[in-house]
2 protein chains.
Amino acid sequence: MAGAVLAGAEGVLLDISGVLYDSGGDGGGVPIPGSREAVRKIKASGLKLQFCTNETQATRDKFVKKLQHLGFDIAVNEVTAPAPAVCRILKERKLRPHLLVHDDLIPEFADIDKTNPNCVVIGDAADNFSYKNLNDAFQILISLENPVLLSLGRGRYYKETDGLKLDVGAYMKALEYACDIQAEVVGKPAKMFFRSALTEMGIEPHQAIMIGDDIVNDVGGAQQCGMRAVQVRTGKYRPCDEQHPEVKADLYVNNLAEAVDIILKYLHK
Amino acid sequence: MAGAVLAGAEGVLLDISGVLYDSGGDGGGVPIPGSREAVRKIKASGLKLQFCTNETQATRDKFVKKLQHLGFDIAVNEVTAPAPAVCRILKERKLRPHLLVHDDLIPEFADIDKTNPNCVVIGDAADNFSYKNLNDAFQILISLENPVLLSLGRGRYYKETDGLKLDVGAYMKALEYACDIQAEVVGKPAKMFFRSALTEMGIEPHQAIMIGDDIVNDVGGAQQCGMRAVQVRTGKYRPCDEQHPEVKADLYVNNLAEAVDIILKYLHK
């Protein structure tokens, strides 16, 4: 059986958008059928669980509240997200950011010195990606002797209820090209980000299974880190992902519910 | 003398923005000192002259009127610009564009079929580069079986009177990354674009000298085409351009006036 590749897991890392729910619309999103029950099954099984997201359109607190409201059993300390991770980096390296992020993410940077910026942090700013705002970030970077661009993820696009939307990676590439620099990615697929999620769970990469809808950033990133990885056929999944020239998932499944059933079936085999 | 590298020219190609004038502000721009006289000197000398621009913020007619108003001796048929070139390509290849361009460029596409688009054309759209507009272009491209992205130039940035501004190249890169495609560039540094300017002049590449402020798109592009090329220290010029890892101009001069004086001095040597 193909599912045997998932045997003997100690813990599961779950991407959120496109795996648990599709974001967008008035209610903030729509749960993917079976995903709420799948999360409960993982918790009941005794498997370790960490949510590993590149979501940067809201603070982690607000994001978790939305998911709880949608019926998910999830808590703030179970979520590994880019904004808290980048704040640690900013403090360690004494960087003062100019922020090009979603308005609702700004409270995460409340105790960060933002005067006289010496770097730029970009997240999924959505409508804040105006020409003026991208140009302001560009002008700061091009004026720095050692320009530092920290990107909260590098996704190409994500799926909302009304269609595909450009993600932060497209704008990261625009600034990289304009300034002839390389961004540092904080979030998936960066190894350090996956490792911090594993540290929270207290397990090793070979004991963990990542489940995501992004063939490069979820599946490829987790595999680079030594984990097994499953792609779900929900969210931004497209059939051509299964012929990706560089990344092959350990397993492709229809949705999270199917992935969890297989993991539990092979739990002690 | 270093200037001898420019000896024996038959014709001159001039970039416009950053060479003749700096754009922006209420009057539409400010002439660079000595540039109006330099254009007159070229014309009086009997040298062939063609203006070769990536300008796409206005129709060629309107752009030329603005330059005439600023005191330049210039006519529409002396200007090689991307919009007329891309219209020829659209017709030849039966492409129906979705346009992501400056409002003032739209009249150039008056007789082009834009229904049911099967490609995207992007130019220097400036404030039209909103998240919504870039996302609309992205959604069209990602839905096409054979996505075609035509980019009017690929500049990283240009200089206006109030500072550096992001150019179309940054947004071209964003769409290339989001859709995993390669844009086709219409404009400098594409060889076909330089060749069409030379055809207008009726001269061969080795007889021509390109003068521009962009080390990659003006200087590098013209040299790839077999021309000699001069970089002026005006417009978007930055001192680090003179240590560019891949492109070395045949000559660096302070401004257009100096370039023209040297070319005329070595005209028959």
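**Figure 1. Domain 1 of chain A meets domain 2 of chain A.** In this predicted model, 13 residues of domain 1 of chain A are in contact with 10 residues of domain 2 of chain A. Contact means heavy atoms within 4.5 Å. Domain 1 covers 1-54 + 188-266, and domain 2 covers 93-185. These bounds come from an automatic or database domain assignment. The centres of the two domains, taken over C-alpha atoms, are 26 Å apart. About 1000 Å² is buried between domain 1 and domain 2 of chain A, and carbon and sulfur atoms give 49% of that area. Buried area is the accessible area (1.4 Å probe) that two parts lose on being put together, summed over both. Of the area that domain 1 of chain A buries against domain 2, A:Asp22, A:Ser23 and A:Lys236 supply 40%, more than any other three residues.

**Figure 2. Polar contacts link the two domains of chain A.** Four residue pairs are in polar contact between domain 1 and domain 2 of chain A (both at pLDDT 80 or more). A polar contact is a pair of N or O atoms within 3.5 Å; within protein, one must be able to donate a hydrogen and the other to accept it, and residues adjacent in sequence count only if both atoms are side-chain atoms. Salt bridges between these two domains number zero. A salt bridge needs a side-chain nitrogen of Lys or Arg within 4 Å of a carboxyl oxygen of Asp or Glu.

**Figure 3. A:Asp15 sits in a loop.** The loop lies between strand E1 (11-14) and strand E2 (21-23) of chain A. Strands (E, at least two residues) and helices (H or I, at least four) are DSSP runs, numbered from the N terminus. Is A:Asp15 buried or exposed? A:Asp15 is buried, because its relative accessible area is 5%. Buried means under 20% relative accessible area, exposed over 50%, and partly exposed in between (1.4 Å probe, protein chains only). The side chains of A:Asp15 and A:Lys188 make a polar contact of 2.8 Å. Not counting residues up to four places away in sequence, A:Asp15 also touches others, including A:Cys52, A:Met210 and A:Asp218.

**Figure 4. Chain A touches chain B.** Each chain brings residues to this contact: 29 from chain A and 29 from chain B. The area buried between them is about 2600 Å², of which carbon and sulfur atoms give 62%. In chain A, A:Tyr131, A:Leu166 and A:Tyr177 lose the most area to chain B, together 32% of what that side buries. The interface holds zero salt bridges. It has 18 residue pairs in polar contact (both at pLDDT 80 or more). Which element gives the most to the side of chain A that touches chain B? H5(A) does, with eight residues.

**Figure 5. B:Ser151 belongs to a strand.** The strand is E8 (residues 149-152) of chain B. B:Ser151 counts as buried because its relative accessibility is 0%. Its side chain reaches the backbone oxygen of B:Gly153 at 2.7 Å. Leaving aside neighbours within four places in sequence, B:Ser151 is in contact with several residues, among them B:Ile122, B:Met172 and B:Val186.

**Notes.** Residues are numbered from 1 along each chain as its sequence is written, and chains are lettered from A and ligands numbered from 1 in the order in which they are written. Local features need pLDDT of at least 70, side-chain atom pairs count only at pLDDT 80 or more, and totals for chains, interfaces and linings use all residues, while side-chain values use heavy atoms, with hydrogens and water left out.
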